Amino acid sequence: MADEQDDTTDEVEDLDEDDLDDELDGDFDLSGVAPASAFYQAPEGYRSGFASFVGRPNAGKSTLTNVLVGQKIVITSSKPQTTRNVVRGIVHREDAQLILVDTPGLHRPRTLLGERLNDLVRTTWAEVDVVAVCFPANEKIGPGDRYLVSELSKVRRTTRIAVATKTDLVTPEQLGQHLLDIQKLGEETSTVWAEVVPVSAVSGDQVQLLADLLVGQLPEGPPLYPDGDLTDAPEEALAADLIREAALEGVRDELPHSIAVVVEEMGLREGRPDDKPLLVIVANLYVERDSQKGIMIGHKGARLRSVGTAARKQIEALLGTPVYLDLQVKIAKDWQRDPRQLRKLGF
Ligand SMILES: Nc1nc2c(ncn2[C@@H]2O[C@H](COP(=O)(O)OP(=O)(O)OP(=O)(O)O)[C@@H](O)[C@H]2O)c(=O)[nH]1
């Protein structure tokens, strides 16, 4: 059980206005995209545009994004609903630039956070060139999928692709039935699937085909991002996601939904030699209640230390710089239900 005696961090019942400075901005905003021709002379027939994976929590959307982009940029976890920020991964090809937008799962909203997340999802659907709905092959199509697809059917002028994910987990017979179920769901919700593609992000099976089909739905046009950029998510947001992912390892029940991470400071330590840089990250991990804080910190701070070490290694791998991570656990009471706190935590 958690030992709260060893808690050395500050408690805050409320967040500072200053916290807004480092707020994670999850909005999906196409207006900030730089003019393409500045970077690259596109060949004839070059395509560029936006695609979004949607689907129930745990459907494999983040994993697919990572595999397509070829580097870990979106967090994945066996816990549902870990992806809160809309993060773009960018696939650079000879013939196209495919910008992937990873959205949170759509839920019947029970909290204000739930409503905000759903709004974010709908806005994304209306703006992208193609929406790929993920249906994990190892799970039956259920009411959640039906709700999502019928909500999606209300968005006009969006191309929809159905993706049967995690095909490595099922037999060909089960996959066949799953594909029939997807077709049937389309008919029931008046949805026209432009394509239905089975894929496994783990074995890599059909991933290339999926990329080709998504690219096929993009308009012709020059690249929108400089070559080599994998994501335009701020590094603070990526770091916060990785810390959150590490904190989620091994926690149960309602706790995952209560965790939010805000990176307060991030910068190279001054006065270091050029060949020995150190990136200093100061981050707060917010939970909603005292008891959760104890769990996060662990006996004599052991859990928080191991979360910090795991997150630091991931951030170092992603950014290629040694990292010093200062991580504190704080309480933002019932933040999921409080509009002011939600805003300050970046939702
Ligand atoms: N066997 C297998 N597992 C997969 C595959 N794709 C994803 N997974 C696993 O399924 C779990 C969920 O994957 P995510 O990519 O995080 O799912 P998500 O849809 O982004 O989840 P949310 O962020 O909760 O919406 C993780 O444990 C993945 O490792 C796959 O093709 N095969």
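In which sense do β1 and strand β4 pair, and over how many bridges? I found that β1 and β4 (residues 130-136) pair in the parallel sense, over 5 bridges. Strands here are DSSP runs of E of at least two residues, helices are runs of H or I of at least four residues, and both are numbered from the N terminus. Two strands count as paired if DSSP finds at least two bridges between them.

I noted that the model is predicted: local features need pLDDT of at least 70, side-chain atom pairs count only at pLDDT 80 or more, and totals for chains, interfaces and linings use all residues. Residues are numbered from 1 along each chain as its sequence is written.

I then checked burial (20 or more other C-beta atoms within 10 Å of the residue's own, with C-beta atoms placed from the backbone). In strand β1 (residues 47-55), 8 of the 9 residues are buried, so the strand is largely enclosed by the rest of the structure.

Next I turned to another sheet. It is open, with 3 strands in the order β7-β8-β9 and mixed pairing. β7 (260-268) and β9 (323-331) stand at the edges with a single partner strand each, so one side of each is left without a neighbour in the sheet.

I saw that strand β8 (residues 279-287) and β9 run parallel, joined by 9 bridges. In this pair, A283 stands opposite L327 in β9.

Key: Buried ≥ 20, exposed ≤ 12 C-beta atoms within 10 Å, placed from the backbone.
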